[in-house]
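Look at how the two parts of this protein chain meet. The paragraphs below go through what lies between them.

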Amino acid sequence: MEKKNIDWGSLGFGYIKTDYRYISEYKNGSWDEGTLSTDDTVRINECAGVLQYAQTVFEGLKAYTTEDGRIVTFRPDLNGERLKSSAERLEMPVFPVDRFIDAVVETVKANQAFVPPFGSGASLYIRPYMFGTNPVIGVKPADEYQFRILTTPVGPYFKGGAKPITIRVSDFDRAAPHGTGHIKAGLNYAMSLHAIVDAHKQGFDENMYLDAATRTKVEETGGANFLFVTKDNKVVTPKSDSILPSITRRSLIYVAKEYLGLEAEEREIPFEEVKEFAECGLCGTAAVISPVGKIVDHGKEICFPSGMEKMGPVTQKLYDTLTGIQSGKIEAPKGWIKEIC
Ligand code: PLP
Ligand code: COI
């Protein structure tokens, strides 16, 4: 199969229209059989639940080309499970996890020509999403929905790729206790737009959100979980009910323990402790592991010993092992790699 004529190495994290997208509609209490379409537009009623009350949830995963030319994806079952919990929290019907995995496979297979080649540093980003489509004017859940999957080839999320970024402690909150921070709902990202635009204006790459109740504990950024390394090489990640349970972070904890023989723990992290860490990174599907060199807290700088030039040594090992597993160079734990073709 011939690849599209794309300069894979210079891709950023943006949208490029691919040939096919998956669509399944929910009506009268059940999902239809689903289909692929070449139409990249969505036609819905002006009063659709998603437009009036933001009833929409989504997922993000990637397809990779392995060294031996296969196309694979990483732990799609966990994305399917997370979409299920997101949908339940917003009173939406669940798209069954086995159908979710099949739909991901079908959509990527149809867009094979857009899956970046091995070694290009790029991948095919897969965005499953679901939204309420029928008219809703009183505040209540919709009765009809669409589940769709779009794909787009992407490069690094942060400009500069693996170069350490500078972030700031945000004065805005991302998620409330007992709210929706733990699910992947569009509303959490709408909340973060003003904060990210302002951070960029002030010269920062991202926001570090603290817990909304006490503003003393590290939560996450707008699009990734945190990962820290202590001076004695222990991997630590924040535990909170109001952060997204990152699949990358959960995988990295396993990689740290089982592949690298490191101690790794998920626990509450007081912001006061951050200055004691040796390395800091942001982890997620889009971010992979993006190193953080500096955190600015209202003018006070925390500069990690790993510096502003390259990833710290433990972050680098975690990065190499995770991406090695995702690209088939390193043997994966059972069930982590779903072969597409
Ligand atoms: N946190 C937020 C707010 C995110 O949007 C994402 C991206 O999906 C993550 C964390 C990382 O999650 P994952 O590793 O499952 O992509
Ligand atoms: C992902 O990593 O898949 C996300 O959804 C994060 C988003 C900021 C692009």
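Between domain 1 and domain 2 the count of salt bridges is 0, where a salt bridge is a side-chain nitrogen of Lys or Arg within 4 Å of a carboxyl oxygen of Asp or Glu. Polar contacts do occur: 9 residue pairs across the interface, both residues at pLDDT 80 or more, meet the rule. That rule asks for a pair of N or O atoms within 3.5 Å; within protein, one must be able to donate a hydrogen and the other to accept it, and residues adjacent in sequence count only if both atoms are side-chain atoms.

This is a predicted model, in which local features need pLDDT of at least 70 and side-chain atom pairs count only at pLDDT 80 or more, while totals for chains, interfaces and linings use all residues. Residues are numbered from 1 along each chain as its sequence is written, and side-chain values use heavy atoms, with hydrogens and water left out.

Domain 1 covers 8–154 and domain 2 covers 165–327, with bounds from an automatic or database domain assignment. Their C-alpha centres are 25 Å apart. In contact (heavy atoms within 4.5 Å) are 24 residues of domain 1 and 23 residues of domain 2.

Together the two domains bury about 1800 Å², with 65% of it on carbon and sulfur atoms. Buried area here is the accessible area (1.4 Å probe) that two parts lose on being put together, summed over both. On the domain 1 side, F58, F74 and R82 supply 34% of the area buried against domain 2, more than any other three residues.

Methods
Chains are lettered from A and ligands numbered from 1 in the order in which they are written.
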